[in-house]
Amino acid sequence: MANHASAIKRAKQSEKRKTRNTSVISEVKNAAKKVSESIKSAGADEITANLKKAIVLLDKAVSKGVLHRRNASRRISRLMHAVNAKLSGKPA
């Protein structure tokens, strides 16, 4: 455990960030899963709505510093590729 006041403060800050980051990452993963599930069984409107929500969540995670911008960009690209393949009727 930390002994100095500054180290104690840093430990508290680290714990706060950890819980916040965990919840943000969980939201992002759930949104991506929702997109994948809707690709398998839903219509075009639902797929695009879920995709838009996932993109917004990924962009927010980047702005909060939870994800690196390239990581989010890669995830968005993969989701877009899967959605476009489904909507165009071509295999992914």
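Author: This is a predicted model, in which local features need pLDDT of at least 70, side-chain atom pairs count only at pLDDT 80 or more, and totals for chains, interfaces and linings use all residues. Residues are numbered from 1 along each chain as its sequence is written, and side-chain values use heavy atoms, with hydrogens and water left out.

Reader: Which backbone oxygen does the side chain of serine 88 reach at 3.4 Å?

Author: Serine 88 lies in helix H3; helices are DSSP runs (H or I, at least four residues), numbered from the N terminus. Its side chain reaches the backbone oxygen of asparagine 84 at 2.9 Å. At 3.4 Å, the backbone oxygen reached by the side chain of serine 88 is that of alanine 85.

Reader: Is serine 88 buried, partly exposed or exposed?

Author: Buried means under 20% relative accessible area, exposed over 50%, and partly exposed in between (1.4 Å probe, protein chains only). The relative accessible area of serine 88 is 48%, so this residue is partly exposed.

Reader: Which side chain forms a polar contact of 3.4 Å with that of asparagine 50?

Author: Asparagine 50 is placed in helix H2 and, because its relative accessibility is 13%, counts as buried. A polar contact is a pair of N or O atoms within 3.5 Å; within protein, one must be able to donate a hydrogen and the other to accept it, and residues adjacent in sequence count only if both atoms are side-chain atoms. The partner at 3.4 Å is serine 38.

Reader: How are H2 and H3 oriented to each other, roughly parallel or roughly antiparallel?

Author: Axes are lines fitted to C-alpha atoms, for helices over the stretch in contact, and angles run from 0 to 180 degrees between N-to-C directions. The axes of H2 and H3 come within 9 Å and cross at roughly 175°. Angles over 145 degrees count as roughly antiparallel, under 35 as roughly parallel, 65 to 115 as roughly perpendicular and the rest as oblique. The orientation of H2 to H3 is therefore roughly antiparallel.

Note on methods. Helices (H or I, at least four residues) and strands (E, at least two) are DSSP runs, numbered from the N terminus.
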